[in-house]
Amino acid sequence: MPTCAPPSALGCLSLAGGSYSWMGCYQSTPLVGAVQLTGSFGSATQCIAGCSNAGAGYVYASIAGGSCYCGDSSSTPTSTPSSPSTCNLLCSGDNTLCGGYDGSSIYSEVYQYIAGGSSACPAIATSTSSSTLSTSTTTSSSATAPTGTMNGQFESGGLAPWTTNFLNEVAIIKAPVPGFPSVTPFAPSSYVLQASLVGGETFSVQQTVPVCSLVNYAPKISYQLAVDPSAGKKGPLTCTYQFCELISGTCGRVATMRAGKWGSNTPQWFTKATQTTAIVQVNFRCPIPAVVYLGQLMMNPFQHG
């Protein structure tokens with residue numbers, strides 16, 4: 001079962017000579033003239049340390065997903081703060097928040113440097129290296145921590161916990177598949193799902209998984225056809241894939257499958273306030289009989305950047 005303890009925004013971070021205090025959750029990249037640091041940042045602490053150690057007098061730090069931005073004294077936020085609950089993405093490196101995403105807009109957590117610190121977050125008399133930074137996580141949010149990956153790599157070598165109404169048409173087989181060198185496994189699994197599609201019918205597999213409420217999920221699914229259904233036919237024939245989450249009623253785009261390499265799709269959906277389980281469903285459809293392979297389904301929280 002996933003751990004759904006509420007993460008929090010970083011209240012403040014003490015440095016030698018001052019401290020960075022949380023300003024709020026802002027829409028988009030809110031700092032005019034901000035500089036984006038290279039690399040991926042797994043926490044607000046890492047981002048703030050990066051801005052502090054950059055040596056350019058940065059007094060603002062902003063993190064959205066894994067992207068970190070630094071701004072000088074002229075880079076004041078360009079918009080009013082959004083609701084703190086809008087920043088609902090868990091940082092990959094700790095239990096703090098790294099902005100948010102509502103399907104159309106990106107949000108970031110913004111921090112401001114205060115010389116000398118403040119009574120709530122005093123300065124410390126140590127170096128400003130990231131190893132000596134202290135943290136406070138007093139600013140709360142309604143976001144919840146995401147679950148980890150789910151059994152979509154078929155590690156067990158069996159179909160369970162997946163279910164299907166097409167048991168005679170599905171098998172879990174060892175990869176690589178003889179005669180189809182492109183059907184390779186995804187570590188640590190050695191297996192893939194093979195489905196024999198009936199022409200003109202939708203083939204589905206699904207399972208129920210635990211989730212946390214108010215979290216953006218972005219499952220990563222990999223799939224491919226054994227052979228091109230258009231080979232030897234007049235005109236192209238298209239076989240499609242679609243992912244759906246049945247409790248929220250959300251479906252990703254219908255994607256075209258191809259033979260010879262793994263295709264990848266990352267749909268997104270947002271769990272409801274009281275949702276603790278999700279029914280994830282993978283659908284395949286082809287106008288003629290065909291064989292399709294499902295290589296993995298990784299159940300990850302959405303991370304931007």
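## A tour of the sheet and its surrounding loops

Start with an open sheet of 5 strands, paired antiparallel in the order 11-12-22-15-19. Select its two edges: strand 11 (170-174) and strand 19 (263-265). Each has a single partner strand, so one side of each is left without a neighbour in the sheet. Now look along the sheet. From one strand to the next, the twist averages 30°. Strands of a sheet pair through backbone hydrogen bonds. Keep in mind that this is a predicted model.

**Zoom out: the whole chain**

Colour by secondary structure to find 1 helix and 22 strands. Now consider contacts between residues with a separation of 6 or more: 77% of these join residues 24 or more positions apart. The accessible area comes to about 13200 Å², and carbon and sulfur atoms hold 54% of it.

**Back to the sheet: strands 15 and 22**

Select residues 220-225, which form strand 15, and residues 290-298, which form strand 22. These two run antiparallel and share 6 bridges. Pick out Gln224 next. Which residue of strand 22 is its bridge partner? Tyr293 is.

Most peptide bonds are trans.

Go to Ala160 and Pro161. The bond from Ala160 to Pro161 is cis, with omega near 10°. Pro161 sits in the loop between strand 10 (139-140) and strand 11.

Then move to Ala175 and Pro176. The peptide bond joining them is also cis, and omega is about 0°. Pro176 belongs to the loop between strand 11 and strand 12 (191-197).

**Last stop: Thr164**

Return to the loop between strand 10 and strand 11 and select Thr164. Is Thr164 buried or exposed? Its relative accessibility is 12%, so Thr164 counts as buried; the cut-off for buried is under 20%.

Display the side chain of Thr164. One of its polar atoms lies 3.0 Å from the backbone nitrogen of Phe166. A polar atom of the Thr164 side chain also lies 2.7 Å from the backbone oxygen of Ser204.

Finally, show what surrounds Thr164. Leaving out residues up to four places away in sequence, Thr164 touches Leu159, Val170, Phe203, Ser204 and Val205.

Conventions. Residues are numbered from 1 along each chain as its sequence is written. This is a predicted model: local features need pLDDT of at least 70, side-chain atom pairs count only at pLDDT 80 or more; totals for chains, interfaces and linings use all residues. Side-chain values use heavy atoms; hydrogens and water are left out. Helices (H or I, at least four residues) and strands (E, at least two) are DSSP runs, numbered from the N terminus. Contact means heavy atoms within 4.5 Å. Accessible areas come from the Shrake-Rupley method with a 1.4 Å probe; for residues, only the protein chains shown count as cover. Two strands pair if DSSP finds at least two bridges between them. Axes are lines fitted to C-alpha atoms, for helices over the stretch in contact, and angles run from 0 to 180 degrees between N-to-C directions. Buried means under 20% relative accessible area, exposed over 50%, partly exposed in between (1.4 Å probe, protein chains only). A polar contact is a pair of N or O atoms within 3.5 Å; within protein, one must be able to donate a hydrogen and the other to accept it, and residues adjacent in sequence count only if both atoms are side-chain atoms.
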